[in-house]
Amino acid sequence: MAQVETVKRPDMLFNLITGIQKWQENFGVIPDELYTGMLMFAHLSAEGNSDPPVDIYQLIRILHKPSHEWGIQGLQNDYPEHSPLLEEAIGLVADTDEFMNRYISPQDAEQQNMYDILKYCREDSRQLQDEYTAIRTFLSEPQHAVITARELNEFVENFQDSELINLIRNCYQEITQELSNFRKCPHCGWTLEYKHDRWRCNKEDICHSLADMEILEPLEFGKQRVFRLNPGIQRFVLLPGISELRLAKRLRKKGYEVDLYPNVDTFDLSVRQAGREFFLDVKDFKDPRTLANFFNEQSSSYLEKYQDRCLIVVPRYRSLLFHEYKKRAEMYLSETARYYIRIVMENEVEQVLEDVFW
């Protein structure tokens, strides 16, 4: 904090989130990151003529409020204005996961383990297209959201590279609690846990709006070791992946040739017909302003790859969870981003492709 005048809002959010994550692991010690985040918060709130927090506990109370009440100017460009950082019984909210992924991997905005696999497969000496497609597809299928140790071993045996095998294993975590504490999510196949008076599927609990939660299946694996996708993979790979695989299946039925994750995930889908090729890129952000800001932060050279050859596809569940999602996202796009990209909802893709190809 020696150069307090250079404080940036994303750095403040990163320190606050990282500090709270560490504090939750050991409440006996307040992490340095949380202190640093509080000092940054105090500086930025003072710039906005707001009263800064005087201690950690006052800061925590503030972080339970929507971010537009924090008194920090311009924060809506970095974090959803109607979201708090913390919520009772939940802890850090789902929006903090989206922020951390954009902060750590701004060009891909995916969970870090998947990003590590992507970087590994993209290296010039490898270019592991088939391996990457197999891995990404496996992680995007609900039947692989919770699997036995035997099933995981059988999958990784398809690969020869020990480093890649370890990266795949890192996408899963062993369930060490009693399986009776969980239920199977009827939408994505992941684990439901009973929190805050209902069965929830991960922090954001997207699936609650997408499936019947009245009759839930228990997880029955006998005495076998059981693994589930880690929470970040469930949120940033499995859920949008379900949309990607559904789109590929629908478009193939329409007669298109479809490849998944072409050129090692330059885009999510390649769609071809009569010698012409177009691309689809699925982007899944909870808040439409966050989606817009993702593109607003990119350089023109990055955005050029989308112009007149790729659609930005928003999964259909976002329109159910956020009224007029597409319209709001387009409203927040900068003039430069609006020039290069076109946003469509998942249910619009087939009609738009018909216009493109015909």
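This is a short tour of a predicted model, stop by stop.

Residues are numbered from 1 along each chain as its sequence is written. Because the model is predicted, local features need pLDDT of at least 70 and side-chain atom pairs count only at pLDDT 80 or more, while totals for chains, interfaces and linings use all residues; side-chain values use heavy atoms, with hydrogens and water left out.

**Stop 1: the cores**

Select I117, L280 and L353. These have the most contacts inside the largest nonpolar core, which has 61 residues. Such a core is a set of buried Ala, Val, Leu, Ile, Met, Phe, Trp, Tyr and Cys residues joined through side-chain atoms within 4.5 Å. Buried means under 20% relative accessible area, exposed over 50%, and partly exposed in between (1.4 Å probe, protein chains only). Now colour helix α9, residues 231–253. With eight residues, α9 gives the most to this core. Helices (H or I, at least four residues) and strands (E, at least two) are DSSP runs, numbered from the N terminus.

Zoom in on L353. Leaving out residues up to four places away in sequence, L353 touches L251, Y256, V271, F278, L280 and L311. Contact here means heavy atoms within 4.5 Å. Another core, of 27 residues, lies apart from the largest one; L13, F41, L75 and L92 are among its members.

**Stop 2: a three-stranded sheet**

Show β3, β9 and β4. They form an open sheet in the order β3-β9-β4, with antiparallel pairing. Two strands pair if DSSP finds at least two bridges between them. β3 (146–148) and β4 (172–174) are the edges, each with a single partner strand, so one side of each has no neighbour in the sheet. On average, neighbouring strands are turned by 35° against each other, direction ignored. Axes are lines fitted to C-alpha atoms, for helices over the stretch in contact, and angles run from 0 to 180 degrees between N-to-C directions.

Pick out the partners next. Three bridges join β3 to β9 (residues 226–229). T148 is partnered with V226, and V146 with R228. β4 and β9 also pair over three bridges. There, Y172 has L229 as its partner.

**Stop 3**

Move to β10, residues 257–260. Four bridges join β10 to β11 (residues 269–273), and the two run antiparallel. Look for V258 opposite V271.

**Stop 4**

Select S83, D95, E204, K286 and L321. Among the 21 residues lining the second largest pocket, these lie nearest its centre. About 430 Å³ of space lies in that pocket. Two or more lining residues come from each of α4 (94–104), β7 (198–200) and α13 (316–321).

On a 1 Å grid over the protein atoms alone, a cavity is a set of points where a 1.4 Å probe fits but cannot get out; a pocket is an open set with protein on both sides within 12 Å along at least five of seven lines, and lining residues have an atom within 4 Å of a point. Grid points are joined across faces, edges and corners, and a volume is the space filled by probe spheres set on the points.

The whole structure holds three cavities of 30 Å³ or more. About 80 Å³ lies in the largest cavity. Finish at A94, N202, K203, E204 and R235, the closest to its centre of 14 lining residues. α9 gives the most to this lining, with four residues.
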